[in-house]
Amino acid sequence: MGESIFDVLREAIDNGNPVALATVIEGEGAGNKLILGPTDQVHGTLGNESLDRVVLRDMSGELEAGRTGTRHYGLNGEAREEALTVFIESFAPPPQMLIFGAVDFTAALVRVAKVLGYHVTVCDARAVFATTKRFPLADVVEAQWPDKLLDSVGSTLGIRDAVCVLTHDNKFDVPAITASLKTDVGYIGVMGSRKTHENRSNRLREAGVNDEDFLRIMSPIGSDIGARTPEETAISICAEIIALRTGREAHSLKQGAGPIHKAND
Amino acid sequence: MKEILEDIEKWKKADKRIALARVVKVEGSGPRDPGATMAVNEDGEVAGSVSGGCVEGAVVSEALDILSSGERKIVTFGYSDDEAYAVGLTCGGTIHLYIEPLDW
């Protein structure tokens, strides 16, 4: 007896693999399911081969875009027909956060990032600080130079992912930032006072970082909520990440007008 | 779905029958996006949510009905519903849920 659709779904989600699930929710065969797993494995059927073929193509596109929603088809997958409503759900792997620097602020940031669902990697070149004992909630702890780590994982970073550089030591910061800039990572935040920031900016310019690159670097890191403690700072950093992703200015909802949630469709 | 897998797994191991309610469509302002999932077992235990708490109570009774009937259906909650349901979303939006037994 083969695995159930649910088993395939759970396994893929547990392993952080991308997976899409389609369910007929209206029309003939309501409840029928089709699942598109990692490496294009397919399980189940929505009713017939030609319908499956059309929906699989759409599932693959939706999964790529990380979208979840309903679509309409004819009984054999015809476009512009409405006999069937199919709900396509995308399960993208969790976003990644790479934190460079194994300091107190890191421990707090790991905790908040885990609440937000990130897969978190802590990296510090100093092996004595980069230990799983100090960061029990981190998914990965690497005693490694930042640019070396980015050489191996940089190509997996995308718009949903974040790099936070908390070392405020030019020796680590500069390679971490320049290597991050070579990736498609959506957020690069760097800790330090305004003075540290100025000094570091000079070093970065010397290392070839241009004006366009500087627009990507959030430094000093964080949203201006008056954070003091490591925990508050972690909230400030994550608030900035969310606001950048959604394109919002992080003022209080009280001061704004209009809908709190962006309207769907 | 992700956050409720552990509960579902526990219930499956205990041979509990489970219904899943998934947000499939949101019109206007809604608290949760499509994909938000709530699971209800035969004892009325709940994991996950589909709104900000506005309709969860009603979803539990729908889910329990579905567990006894075995049917699958789309259930709509909206502010403008003409008393069809005693509960609605206070934010003014409309959400469509697909509720079915987890028999797959």
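1. Val163(A) stands opposite Ile188(A) in strand 10 of chain A, and strand 9 (residues 162-165) and strand 10 (residues 187-190) of chain A pair in the parallel sense over four bridges, where two strands count as paired if DSSP finds at least two bridges between them. Helices (H or I, at least four residues) and strands (E, at least two) are DSSP runs numbered from the N terminus. The model is a predicted one, in which local features need pLDDT of at least 70 and side-chain atom pairs count only at pLDDT 80 or more, whereas totals for chains, interfaces and linings use all residues. Residues are numbered from 1 along each chain as its sequence is written, while chains are lettered from A and ligands numbered from 1 in the order in which they are written.

2. Met97(A) stands opposite Ala162(A) of strand 9 of chain A. From strand 9 of chain A, Ala162(A) and Cys164(A) point one way and Val163(A) and Val165(A) the other way, and all are buried; a residue is buried if 20 or more other C-beta atoms lie within 10 Å of its own, exposed if 12 or fewer, and partly exposed in between, with C-beta atoms placed from the backbone.

3. These strands belong to an open sheet of six strands in chain A, with the order 8-7-6-9-10-11 and parallel pairing. Its edge strands are strand 8 (140-143) and strand 11 (217-218) of chain A, each of which pairs on one side only. Helix 3 (residues 104-115) of chain A lies across strand 6 (96-100), strand 7 (119-124) and strand 9 of chain A, and runs at about 165 degrees to strand 7 of chain A; axes here are lines fitted to C-alpha atoms, for helices over the stretch in contact, and angles run from 0 to 180 degrees between N-to-C directions.

4. Where is Gly101(A) found? Gly101(A) is in the loop between strand 6 and helix 3 of chain A, and it is buried, with 26 other C-beta atoms within 10 Å. Leaving aside residues up to four places away in sequence, Gly101(A) touches Thr106(A), Asp124(A), Val165(A), Leu166(A), Thr167(A) and Phe172(A), a contact being a pair of residues whose C-beta atoms, placed from the backbone, lie within 7 Å. One of these, Phe172(A), is among the buried residues of helix 5 of chain A, together with Asp173(A), Val174(A), Ala176(A), Ile177(A), Ser180(A) and Leu181(A).

5. Helix 5 (residues 170-181) of chain A has twelve residues and reaches 16 Å from its first C-alpha to its last, close to the 16 Å expected at 1.5 Å a residue; the expected span is 1.5 Å times one less than the number of residues.

6. For chain A as a whole, there are eight helices and eleven strands, and the C-alpha trace spans about 65 × 50 × 35 Å along its principal axes. Buried residues make up 38% of the 265 residues in chain A. Among contacts in chain A between residues at least 6 apart in sequence, 56% join residues at least 24 apart.

7. Chain B has two helices and five strands, which run α-β-β-β-α-β-β from the N terminus on, and 40% of its 104 residues count as buried. Helix 2 (residues 56-69) of chain B has 14 residues and reaches 20 Å from its first C-alpha to its last, close to the 20 Å expected at 1.5 Å a residue.

8. Which residues of helix 2 of chain B are buried? They are Val59(B), Glu62(B), Ala63(B), Ile66(B) and Leu67(B). Seen down the axis of helix 2 of chain B, the buried residues fall within an arc of 140 degrees, so they line one face of the helix, the arc being that of the directions from the helix axis to the C-beta atoms. The face turned away from the buried side of helix 2 of chain B carries the exposed residues Gly57(B), Ser61(B), Ser68(B) and Ser69(B). The cover over the buried residues includes strand 1 (18-27), strand 2 (37-41), strand 4 (73-78) and strand 5 (94-101) of chain B. Helix 2 of chain B is followed by Gly70(B), whose phi is positive, near 75 degrees.

9. Between the chains, 23 residues of chain A are in contact with 20 residues of chain B. Helix 1 (5-14), strand 1 (19-26), strand 4 (69-73) and strand 5 (84-91) of chain A each supply at least two residues of the side of chain A that touches chain B, and helix 1 of chain A gives the most, with four residues.

Methods:
Contact = placed C-beta atoms within 7 Å.
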